[in-house]
Amino acid sequence: MKKYINREKIQKIGLFCKLNTNLSEQIALLKKIFLQRNIELIFLNYEKINIKDLHNLDFLISLGGDGTLLSLCRQTYQAKKPILGINAGNLGFLTALSFEEVQEFFDDFFNEQYKIEKAKMLQIVLHKKNKVIKKFAFNDAVFSRDNALMANVKVFFENKLFNAYYGDGLIIASSSGSTAYNISAGGPIVHPWNETFVVTPVCSHSLTQRPIVLPYGFELELKVKHCLLYLDGQEVIDPREYDKIFIGLSKKEISFIHKKDRDYFQILKEKLNWGK
């Protein structure tokens with residue numbers, strides 16, 4: 001287990017949450033825990049984080065649901081700050097630490113009883129005339145039809161047609177995002193340590209279309225009609241505005257702070273009611 005945080009030098013921690021929600025009890029507990037250790041809790045702008053504001057922060061806390069954590073990842077990946085997700089939402093696949101566990105977790109944390117796990121993001125490269133624009137998503141990039149016509153998504157690898165998908169759309173999910181929209185569409189669950197991504201059709205017109213898992217290093221080109229592109233369900237891109245679209249795994253990673261005894265399979269059992 002590698003340590004990325006020097007507990008003796010922690011002075012400021014960033015908190016990311018929706019301030020108009022009823023999180024006063026959770027925030028008060030965090031303030032109390034950090035005040036005892038002379039650590040300042042800094043509130044981050046939920047709408048748009050200035051990367052420069054993260055420079056003096058030792059790590060970041062996402063307080064909310066998975067959507068809050070996804071937003072934090074997409075806004076702060078450049079800063080390379082470790083993130084702790086505390087669940088104050090509903091399902092909480094990514095924010096697996098419950099509020100009831102917070103006090104015990106930080107008692108362990110300041111005794112170096114924790115672990116950090118990394119997960120790769122998806123990279124979306126958009127070509128427009130002489131410009132190249134890079135976007136990043138943590139969970140998924142989803143092509144979804146925008147009218148009554150079937151989505152038409154042609155996928156190329158190394159300039160050769162890989163597949164043509166007709167239906168409601170196409171999901172390209174990271175390993176970490178495989179338990180999100182991907183699983184609802186019949187895609188596989190992929191352990192987040194795998195440096196892979198999943199291509200899953202949504203309500204395909206052909207019954208022979210099936211999900212496929214591809215490795216890090218593969219970059220797909222996508223030519224689409226009758227659909228929009230959604231990044232983590234939070235940013236919408238109109239493919240018609242771009243000449244070319246490429247998607248694959250990025251070198252960019254998010255470092256997550258977890259309980260030392262965090263068990264991924266136990267989380268699956270609890271969230272998906274396995275074995276019941």
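Analyst: For the charge count, Lys and Arg are taken as positive and Asp and Glu as negative, while His and the chain ends are not counted. The model discussed here is predicted.

User: On that basis, how far apart do the centres of the positive and negative side chains of the protein chain lie?

Analyst: The protein chain carries 38 positive side chains and 30 negative ones. The separation between the centres of the two sets is 6 Å.

User: Which value does the globule rule give for the radius of gyration of the protein chain?

Analyst: The protein chain is built with five helices and 17 strands. Its radius of gyration is 20 Å, close to the value from the rule for 276 residues, so the chain is as compact as a globular protein of that length. Along the principal axes, its C-alpha trace spans about 60 × 50 × 35 Å. The value from the globule rule is 19 Å.

User: What percentage of contacts between residues at least 6 apart in sequence join residues at least 24 apart?

Analyst: In the protein chain, buried residues make up 50% of the 276 residues. The accessible surface comes to about 14,600 Å², and carbon and sulfur atoms account for 47% of that area. For the contacts in question, the share is 70%.

User: Which residue does UniProt list for "active site", and is it buried or exposed?

Analyst: The unreviewed UniProt entry lists Asp66 under "active site". This aspartate is placed in helix H2, which covers residues 66-76. Buried means under 20% relative accessible area. Aspartate 66 has 19%, so the residue listed, Asp66, is buried.

User: Which residues does aspartate 66 touch, not counting residues up to four places away in sequence?

Analyst: Aspartate 66 lies in helix H2. With residues up to four places away set aside, its contacts are Gly92, Phe93, Leu94 and Thr95.

User: Asparagine 139 lies in a loop; is it buried or exposed?

Analyst: The loop that holds asparagine 139 runs between strand S7 (131-137) and strand S8 (140-145). Beyond four places in sequence, its contacts include Leu70, Leu94, Ile172, Ala180 and Asp232. Its relative accessibility is 8%, so asparagine 139 counts as buried.

User: How far apart in space are the C-alpha atoms of lysine 81 and phenylalanine 106?

Analyst: Lysine 81 is located in the loop between H2 and strand S4 (83-87), and it is buried at a relative accessible area of 18%. Leaving out residues up to four places away, lysine 81 touches Leu54, His55, Leu57, Leu60 and Ser255. Lysine 81 and phenylalanine 106 are 25 residues apart in sequence, and the distance between their C-alpha atoms is 18 Å.

User: What separates the C-alpha atoms of leucine 57 and phenylalanine 156?

Analyst: Leucine 57 occupies the loop between strand S2 (40-43) and strand S3 (59-64), and its relative accessible area of 3% makes it buried. Leucine 57 and phenylalanine 156 are 99 residues apart along the chain, and their C-alpha atoms are separated by 42 Å.

User: Why does valine 236 count as exposed?

Analyst: Valine 236 belongs to strand S16, residues 235-237. Beyond four places in sequence, it is in contact with Leu228, Leu229 and Tyr230. The cut-off for an exposed residue is over 50%. Valine 236 passes that cut-off and therefore counts as exposed, its relative accessibility being 51%.

User: What is the C-alpha distance between valine 236 and phenylalanine 143?

Analyst: Valine 236 is in strand S16. In sequence, valine 236 and phenylalanine 143 are 93 residues apart, whereas their C-alpha separation in space is 9.8 Å.

User: What is the relative accessible area of glutamate 112?

Analyst: Glutamate 112 is in the loop between helix H3 (102-109) and strand S6 (114-128). Its phi is near 60°, a positive value in a residue other than glycine. Glutamate 112 is partly exposed, with a relative accessible area of 32%.

User: Near which value is phi of lysine 129?

Analyst: Lysine 129 is found in the loop between S6 and S7 and counts as exposed at 75% relative accessibility. Its phi is positive, in a residue other than glycine, and lies near 55°.

Notes. Residues numbered from 1 in each chain as written. Predicted model: local features only at pLDDT ≥ 70, side-chain atom pairs only at ≥ 80, totals over all residues. Heavy atoms only, no water. Helix = DSSP H or I, 4+ residues; strand = E, 2+ residues; numbered from the N terminus. Rg over C-alpha atoms; globule rule 2.2 N^0.38 Å. Buried < 20%, exposed > 50% of the residue type's maximum accessible area, 1.4 Å probe, protein only. Contact = heavy atoms within 4.5 Å. Areas by Shrake-Rupley, 256 points an atom, 1.4 Å probe, with all protein chains shown as cover. Charge placed at Lys NZ, Arg CZ, Asp CG, Glu CD. UniProt positions renumbered as here; feature names shortened; annotations may be inferred.
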